[in-house]
Amino acid sequence: MAAPTTAALSTDDFWADADRHLIRYAGAGEFTREIITRAAGSFVYTESGREILDFTSGQMSAILGHAHPDIVATVRRQVGELDHLFSGMLSRPVVDLARRLAETLPEPLEKALLLTTGAESNEAAIRMAKLVTGKHEIVSFARSWHGMTQAAASATYSAGRKGYGPAAPGNFAIPVPNSYRPDFTTAAGELDWRRQLDFAFDLIDAQSVGSLAACLVEPILSSGGVIEPPPGYFAALRDKCRERGMLLILDEAQTGLCRTGSWYAFERDGVVPDMLTLSKTLGAGLPLAAVITSAEIEQRAHDRGFLFFTTHVSDPLVAAVGNTVLDVLVRDRLDERAAELGAFLRRGLERIGQRHSVVGDIRGRGLLVGLELVLDRETKQGSDELGALVTRRCLELGLHMNIVQLPGMGGAFRIAPPLTAAEDELTLGLSILDQAIGEVTSG
Ligand SMILES: Cc1ncc(COP(=O)(O)O)c(C=O)c1O
């Protein structure tokens, strides 16, 4: 006889089953102790009847909020018509999405490979970069996150490096240009990112065995604490790549598709990458990712027999979702909306910063905002405990926030509501955060 489903079990039984049967995958992190039954718009709803404002857009993916009617309609229609195919077969949603993505991008980015997750897109981009350059060394930021598969994890430095055996040979880290906590400074004490970058590549050149293939970086480091490299940095980084015959791969898993107030974060810098990877935001909650590159690079890869044949490559169901995501972003001008809401959010956070001295820094772009908590504004000393207490109090009060805790940094909240959020939802989130910081610091 089949065992009863969890719906028939008590809350205690649910957690007992979770504890007994789920592999814990979040490192030292724990599951949020709420049973989620549904989500809609900017909120998730719990079995106990609570509604929680979702300031992380799920896992930084649901840019259109949860259960967006257009996405729901597309999934319902497409799953009944054509969901999945033999990977060598093509369908209209796939070719439409590839063409439409190219139309959102500058030349020469025009060829797409449609996949499922962010790690997979970076895996494919690295694999292609190695094949076309004939080299294997990969450079990334020391606070990067590119995913959990082998090549992506080997280029990930913010977490999870220890204990899993050798990373891919030839992976190197360069320091993050962090204006709030500068390491290389000018006489005025500001970040001297040019000197930092020159020094970084001196070290890369010293360590390289002469096989530098690519630089894989996020335009705004999200899991690294929402760090935005200063204007000019990416142009200089591109030049470092060119000088060494390396490809520049930008990972816009979190920043792509309007979140930062423009379609792509790299637009600020006037730098076009050799390859672009998209994931989280492209599927707006569903598993869809892409690698986009030039016809020239694609041709070279094809000539050398490029192979990335997976079960879900070019799947029609999620490609149809991607087309709907593009429809909604264009129709509702969500790039402009993200810029406006981002400015609104920023003003609210600055007011919170004026009231609470533990707010050390507010940064980011559009609707990807970081707020770093410190014990002391002068020394910028961080505290894991402070961040954890504020996060917990926010959740009790009905706001889900994510905090990044990295060595040498105070807890940095990553604030990324859906681009469809209403101003009064942002106001609600701001007032909860204000209350939580006030209560934690006074208690
Ligand atoms: C910038 C970036 N790249 C890649 C990934 C990995 O994506 P996924 O978890 O879908 O494999 C993430 C996930 O957080 C990310 O933030």
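In which crossing, left-handed or right-handed, does α13 pass α14? This report on a predicted model answers that question and then turns to other helices.

## Helices α13 and α14

Helix α13 covers residues 384-397 and helix α14 covers residues 423-442. Their axes come within 9 Å and cross at roughly 130 degrees. That angle makes α13 oblique to α14. The crossing in which α13 passes α14 is right-handed.

On the α13 side, the contact involves L386, L389, V390, R393, C394 and L397. These residues meet I432, L433, Q435, A436, I437, E439, V440 and T441 of α14. Sorted by class, the contact comprises ten nonpolar, two polar and two charged residues.

## Helices α4 and α11

Two packed helices are described by the angle between their axes and the distance between the axes. For helix α4 (residues 92-104) and helix α11 (residues 316-331), the angle is about 40 degrees and the axes lie 8 Å apart. Here α4 passes α11 in a left-handed crossing.

## Helix α5

Helix α5 (residues 118-133) consists of 16 residues. From its first C-alpha to its last, α5 reaches 22 Å, close to the 22 Å expected at 1.5 Å a residue.

This helix is mostly covered, with twelve of its 16 residues buried. Among them are A119, E120, I126, M128 and V132. After α5 comes G134, which has a positive phi near 70 degrees.

Terms used:
Residues are numbered from 1 along each chain as its sequence is written. This is a predicted model: local features need pLDDT of at least 70, side-chain atom pairs count only at pLDDT 80 or more; totals for chains, interfaces and linings use all residues. Side-chain values use heavy atoms; hydrogens and water are left out. Axes are lines fitted to C-alpha atoms, for helices over the stretch in contact, and angles run from 0 to 180 degrees between N-to-C directions. Helices (H or I, at least four residues) and strands (E, at least two) are DSSP runs, numbered from the N terminus. Angles under 35 degrees count as roughly parallel, over 145 as roughly antiparallel, 65 to 115 as roughly perpendicular and the rest as oblique. A crossing is left-handed if the near helix is turned anticlockwise from the far one by less than a right angle, and right-handed if clockwise. Contact means heavy atoms within 4.5 Å. Ala, Val, Leu, Ile, Met, Phe, Trp, Tyr, Cys and Pro count as nonpolar, Asp, Glu, Lys and Arg as charged, and the others, Gly among them, as polar. The expected span of a helix is 1.5 Å times one less than its number of residues. Buried means under 20% relative accessible area, exposed over 50%, partly exposed in between (1.4 Å probe, protein chains only).
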